[in-house]
Amino acid sequence: MKLQTYFSRIALSLIVSLVANTTLSAQTIAITGGKVYPISGPAIEGGTVLIVDGKISAVGSNVSIPAGAQRIDATGRIVTPGFINSSTELGVQEIAAVSDTRDMSARGKDNIAAAFTVWDGLNPNSVLLAPARKDGITSFVVMPTGGLVAGQAAIVDVVPGTTTDMIIRAPVAMVAEIGDPQAAGVSARGELMVKLRELLEDTKFFQTHRQAFDRAQTRTFVASRLDLEAMIPVIEGRIPLVVTVDREADIDAALRLAREFNLKLMIAGGAEAWMMADRLAAAHVPVLTGAMNNIPADFAALGQRQENAALLSKAGVPVALIGNAGGGDEETFNVRNIKQEAGNAIAYGMNWEAALRAVTLTPAEIFGVSDRVGSLQPGREANVVVWSGDPFEFTTRAEHVLVRGREYHDKTRQDLLMERYRNLPATHNAPPM
Amino acid sequence: MRAPFCLLLAVVTACASAAPSTSRSPTPARDSAAAAIGLGSTSTPNANPFPSTYKPFPSRTTVIRNVNILTAAGPTIRNGAILMQNGKIAAVGATVAAPADAVVIDGAGRYVTPGIIDDHSHLGVYAAPGGNALSDGNEATNPVTPQVWAEHSVWPQDPQFPRNLAGGITTLQVLPGSANLFGGRSVVLKVVPGRTVQEMKFPGAKYGLKMACGENPKRVYGNRGGPQTRMGNVAGYRAAWIRAADYRRKWDKWNADHKGDPPTRDLGLETLAEVLRGNILVHMHCYRADEMAQMIDIAHEFGYKIRSFHHGVEAYKIADLLAKEGIGASVWADWGSFKMEAIDAVKGNMALVNHAGARVIVHSDDPSGSQRLNQEAAKAMAAGAEIGLPISEDEAIKWLTINPAWALDLDDKIGSLEPGKNADVILWSGDPFSVYSRPDKVWIDGALLYDRSDPSEQWRTDFELGFVPFTGTSR
């Protein structure tokens, strides 16, 4: 029932965005002359990306450009798909220390909040969205956090409008945190796995005994009806279970559980994932990780190192680069910094193209939306960035950012503040937006 | 007031470069009366009960040739050379003469900079692997704790130290946390292996006093007797300074005439009195522009100086005031929005502060960020370019080196590549403001303490042995 709600919501959002696209961006744009990285194929020198009505209609070196098309000259520039941040609280955490603005953690029941749909709290008017887009982040996965089962994640585009307009797909994953027994409400790692196993078994039982459940003729379950309902796509392997976990032994335990229940597993954080890179590759388990943390920050992350992403990538593990540099609470202010993670991943051994893929097509693939975003191919949303140079270098600017075929030149709240205080003392009249 | 301090400097510096000192205190001889009572019961300016026992590590005369040098003291030298001898910079220039036995390094395509200085670190006091057992940075039992000294919390086996060295940090100031109005004394450390914190202490460095304004103290103490408000914070600072002024007057009088019983020694007031005497530098955690202006007024009221505002995300709003007062801005490149007093953070903060003529310092407050302060500076340079305030590499390198050296009052010893200064030097694999560049080698006082090409020689703390897998690769 709950799922039907999601699907109808997705259908609705599709309709809404299609309507919006036809009204707002019924236009043709040709980005010409740049070095184009479609990601789905080899780079094209002097390539053209043709956009019609918000979608990519052609990519190549010999694309005929319709008369009247708006042209963006990308000569000497690099053209890529818009970047995807695969794990953020953007939109659900505006100011970490102001509880009013925090919506990423559900109370749940006994540390299980599988039914929690984090995107229902996503604030499309967050002042942190425009800075992200301005720096080339065009989509992001909004993740719930906390407890044992944190809830469901969604992937959205950074477009104006409502949350409904933003959603690409929801849910795209169930999120569980299995690295911290205390946070899961148990006192040992093994007990944590017992609890997770019990939830999965109850979900299976619930799935096949719904009528009995409705007649109150089943035993008591570990989770509520809605939580069990939400877990069904997980046990059916229709959405991945993202487990936040660092320690090698915990990753191994997650792999066992995934085999036992035939789950589609994904690792987030994964400080020690490099220690089992071959097994993760063999099990086709993607890892979301960063490249800017080498601190043995707790006893579950003693093996943390900056080569993690490179080693996983070389072993054939699908890697999506996320922020993990520590600090944490300022993460939503710095959604752009996955570019810096990528640059550091390269400095610590990752292949440049692999790093680029890790912020574009790989996230789209592992979250099941590669038919919509993540590459420059006909039919995909026209989420495109023209970079002044290597996208991972600090000196590089995102000169043109297009989301669903519309170019944005954002003036952010930060920009307004900087204009006001450029010359001191400042004047305090209302600046033009 | 300056004379005893110079004496102290001379004694300690001498200790560092020659034989270990047997002297426990550099207290001037005229204080024999105090010595008779027992040094521990008297309050003496610039007392040094926990003296540095740092000794430079063995070094070899080294010349790096054919290398790009950002000196932090002038324009970039392209394809130049630098000579390190006896722990000091001996020569820097287009060419330098080097003795025949010097180690010669070809720096083609690479860069040399001064060692990076982080004036806001919690290494050792919030050591990895974290948890309560190693959480030693905030004495959050009272909002006024100037009596605590960060060095008494520093764990020299914190594995974050070698990681910071590998990121090019050669000197750092370890501060207490920001729970308290007065958090305690800081300590300046060289990022070197040591069995004791004394072996890491920068000889002759002044102490700092950590103070904090705004949300943190009122959050921590709001329901624990106060302060509960910002006005409560200000009342707390002023009450403490009034007592400190009184204490200083009494002790200065007794130290001058030794008449009658000495006043009762108070560790907290002693620290504050040393600030009033100009012997300890104030490092003030403060986010908002309006609060920084109030802290400046309080400093004027009691006659002390604030050396640098730390975390001043709104420094750009009062950069003219900071320039006029000669106060540094120790700030992040792009942290913001994590609490209410951080919502006006802008990525152009450093560029705007620089534009107004105030002193920019790239700081970390983070054991991970400090390993990449060069990248933080690079982000701030990009933000400057975006608002039409381009920052040259020659300017940005100062934010990482000579400016924090000034914040610690050590700019006569470290922070730039000039003859006579300590040979704290980084050889980078490429342009230090590129995301792809990493330190290849790091020298402190001329001793090669980090070499990326030789993992087996890299510093591993006691903690890491066994616990942390040795990967045989560079950090």
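What radius of gyration would a compact globule with 475 residues have, and what does chain B have? The globule would have a value near 23 Å, and chain B has 22 Å, which agrees. Keep in mind on this tour that the model is predicted.

**Stop 1: chain B as a whole**

Select chain B and colour by secondary structure. The chain holds 13 helices and 17 strands. Along the principal axes, the C-alpha atoms of chain B fill a box of roughly 65 × 55 × 45 Å. Of the 475 residues in chain B, 61% count as buried. Now show contacts within the chain: of those with a separation of 6 or more, 69% are between residues 24 or more positions apart. Switch to a surface view of chain B, which exposes about 16500 Å². Carbon and sulfur atoms supply 54% of that area.

**Stop 2: B:Pro227**

Select B:Gly226 and B:Pro227 and look at the bond that joins them. The peptide bond here is cis, with omega near 10°. B:Pro227 sits in the loop that runs between helix 4 (215-221) and helix 5 (230-257) of chain B.

**Stop 3**

B:His311 is not a glycine, yet its phi is positive, near 70°. Is B:His311 buried or exposed? B:His311 has a relative accessible area of 2%, and the cut-off for buried is under 20%, so B:His311 is buried.

Then select B:Asp365, another residue other than glycine with a positive phi, here near 60°. B:Asp365 belongs to the loop between strand 14 (360-362) and helix 10 (373-386) of chain B. The relative accessibility of B:Asp365 is 23%, so this residue counts as partly exposed.

**Stop 4: where the chains meet**

Show both chains and select the residues in contact between them. On the chain B side there are 54 such residues, and on the chain A side 53. The area buried between the two chains is about 4500 Å², with carbon and sulfur atoms giving 56% of it. To find where chain B loses the most area to chain A, select B:Lys347, B:Val435 and B:Tyr436. Together these three residues account for 15% of what the chain B side buries.

**Stop 5: chain A as a whole**

Hide chain B and select chain A. How many helices and strands does chain A have? There are 13 helices and 16 strands. The radius of gyration of chain A is 22 Å, close to the 22 Å that the globule rule gives for 433 residues, so chain A is as compact as a globular protein of that length. Its C-alpha atoms fill a box of roughly 65 × 55 × 45 Å along the principal axes. In chain A, 58% of the 433 residues count as buried. The surface of chain A exposes about 16400 Å², and 50% of this comes from carbon and sulfur atoms. Colour the side chains by charge: 40 are positive and 46 negative, and the centres of the two sets lie 3 Å apart.

**Stop 6: A:Pro425**

Finish at A:Leu424 and A:Pro425. A cis peptide bond joins this pair, with omega about -5°. To place A:Pro425, follow helix 13 (413-420) of chain A into the segment after it.

How values were computed
Residues numbered from 1 in each chain as written. Chains lettered and ligands numbered in written order. Predicted model: local features only at pLDDT ≥ 70, side-chain atom pairs only at ≥ 80, totals over all residues. Heavy atoms only, no water. Helix = DSSP H or I, 4+ residues; strand = E, 2+ residues; numbered from the N terminus. Rg over C-alpha atoms; globule rule 2.2 N^0.38 Å. Buried < 20%, exposed > 50% of the residue type's maximum accessible area, 1.4 Å probe, protein only. Areas by Shrake-Rupley, 256 points an atom, 1.4 Å probe, with all protein chains shown as cover. Lys, Arg positive; Asp, Glu negative; His and termini not counted. Charge placed at Lys NZ, Arg CZ, Asp CG, Glu CD. Contact = heavy atoms within 4.5 Å. Buried area = accessible area lost by both parts, 1.4 Å probe.
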